[in-house]
Amino acid sequence: MQNLALFGGPRAVAEGSVKTWPPLNQADRDAVMAVFDSNILHGTAAPNAVALQKEFSEYIGCKYCLVTNSGTAALHMAVASLGIGPGDEVIVPAFTYWSTAAAVLHHNAIPIFVDIEPDAFCIEPKLIEAAITDRTKAILPVHIHGMPCNMGPIMKIAKKHKLFVIGDACQAHGAKCDGKTVGNIEDTCGFSTNRSKNLSSGEGGLFCTNNEDAYRVAGMLREFGEVVVHGEEREYNAYGMGWMYRAHEFVNAFCRSQLKRLPENNAKRQEFAQFLTAELRNIPGVKGPHTPPNREPVYFNYIVRFVPSELGFDVPVEKFKAAAQKALAAEGIGLGQWQRTPVPAQSVFRDMQGYGKGCPWNCAHYGRKIQYRGEDFPATIKFIAEHSYLSAVYPPNTLDLMKQYVAGFKKVMGEPKALKRLMDEADKAAKASTAST
Ligand SMILES: Cc1ncc(COP(=O)(O)O)c(C=O)c1O
């Protein structure tokens, strides 16, 4: 037990050896500084905006791309550009960042949640048809933690029911399903480029489509509902609702510079993830993610599953996970919780706090009474309970850090008595706190 860093032993991961994301270099700095020199600081026709759109659409393989100022904006454009609006339903997974569902609400449409695949944590295609009603207009699969959804069956269901498919690829730049890149499979798709994402520009988003009409409408939504044509007199006429979703040139320049290194950075993430998964397979108590054979994830987050039964514990997994994480943190291994409940269990849905006054659920166009309940999504609840994400499984970190991680996992999982002690201590502390209240 004394071997563990928590009880005074040496750390498995040397202090200062974990580097943050994204890796920056002189080319990034030069790209941003060149914007100052150009003195072109904004506009949808600014040179870096136009070039980024061309370069990203080439990377994804789609016809059209629009740069915008967040992933949420890109998703809202992806929903609204297909004509989805008041009274329409859009099917979304219960396990996602809630911005996916917010993008549906932003256009007064109604998110209808569906549970996830038990092993691959994306929307479960087998559950989609049961959620389709005569109000359903689209399915919105989310390629979560960099794992592409099982797009074949999803596209088939959409075709059968004449629905659109909107992708949320905010966490999955470059991920592939059946050899096809996400963003080039769906009707429209949104990507985020905020600080943590595989393609990072600090803050930002990208909208992709092969549909010319959706591209045109999304362009209007991005800029106040107007049609602004570079080089022509501005009409100053809004054709409908629009937002201010333009991106900044500094951000565009930075994003272009990062995009050049996206393939090599994704390859590093994949190399580290495959190494970890192979190693964790042999460590009782923890496991890496399951990857179905038709999918090529880009590991936005590397997730770890905690399996107490492998160490002979018959305890709730959350209790084991908390004890293990405490010991692992002392070793220098950071693990975090991504989402705590299914999205429909969040207050905004449970209490139907949209625009206030029950809107959009009691909007005259809707006319259906629904209720959101977290407990309706058991696979999501189980997934959240069992998993954490492992920090820093990306460059500029190296395979050496991954080896240190493996050594730390081996050390901690090799000390079940210490884990038992930590679980007992947590129980005692919980009892004491209940007694004092
Ligand atoms: C799955 C998912 N969807 C949507 C978003 C929203 O992106 P942004 O924060 O750029 O608006 C995020 C990012 O946080 C996300 O992870």
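This is a predicted model: local features need pLDDT of at least 70, side-chain atom pairs count only at pLDDT 80 or more; totals for chains, interfaces and linings use all residues.
Q: How many cavities of 30 Å³ or more does the structure hold?
A: A cavity is a space where a 1.4 Å probe fits but cannot get out. Counting those of 30 Å³ or more, the structure holds three.

Q: Which element gives the largest share of the lining of the largest cavity?
A: The largest cavity has a volume of about 50 Å³. Its lining includes Phe95, His145, Trp338 and Tyr389. Two elements, α11 (378-386) and β14 (387-390), each supply at least two residues of this lining. The largest share is three residues, and these come from β14.

Q: How many charged residues are in the lining of the largest cavity?
A: Asp, Glu, Lys and Arg count as charged. The lining residues of the largest cavity divide into six nonpolar and five polar, and the number of charged residues is none.

Q: Which element gives the largest share of the lining of the largest pocket?
A: The largest pocket holds about 370 Å³ of space. It is lined by 18 residues, and those closest to its centre are Leu66, Tyr215, Gly219, Arg222 and Val228. Two or more lining residues come from each of α2 (47-60), β1 (64-68) and α7 (212-222). The largest share, five residues, belongs to α7.

Q: How many charged residues are in the lining of the largest pocket?
A: The lining of the largest pocket has nine nonpolar and four polar residues. Its charged residues number five.

Q: Why is one side of β7 and of β11 left without a neighbour in the sheet?
A: Strands of a sheet pair through backbone hydrogen bonds. Here three strands form an open, antiparallel sheet in the order β7-β6-β11. β7 (180-181) and β11 (295-296) stand at the edges, so each has a single partner strand.

Q: Which residue in β7 is the bridge partner of lysine 176?
A: Strand β6 (residues 176-177) is joined to β7 by two bridges, and the two strands run antiparallel. In β7, the partner of lysine 176 is threonine 181.

Q: What span should helix α1 have at 1.5 Å a residue?
A: Helix α1 (residues 26-38) has 13 residues. The expected span is 1.5 Å times one less than the number of residues.

Q: Which residue caps the N-terminal end of α1?
A: At the other end, α1 is followed by asparagine 39, whose phi is positive, near 65°. At the N-terminal end, a side-chain oxygen lies 3.0 Å from the backbone nitrogen of alanine 27. That oxygen belongs to the capping residue, asparagine 25.

Definitions and conventions
Residues are numbered from 1 along each chain as its sequence is written. Side-chain values use heavy atoms; hydrogens and water are left out. On a 1 Å grid over the protein atoms alone, a cavity is a set of points where a 1.4 Å probe fits but cannot get out, and a pocket is an open set with protein on both sides within 12 Å along at least five of seven lines; lining residues have an atom within 4 Å of a point. Grid points are joined across faces, edges and corners, and a volume is the space filled by probe spheres set on the points. Helices (H or I, at least four residues) and strands (E, at least two) are DSSP runs, numbered from the N terminus. Two strands pair if DSSP finds at least two bridges between them. A polar contact is a pair of N or O atoms within 3.5 Å; within protein, one must be able to donate a hydrogen and the other to accept it, and residues adjacent in sequence count only if both atoms are side-chain atoms.
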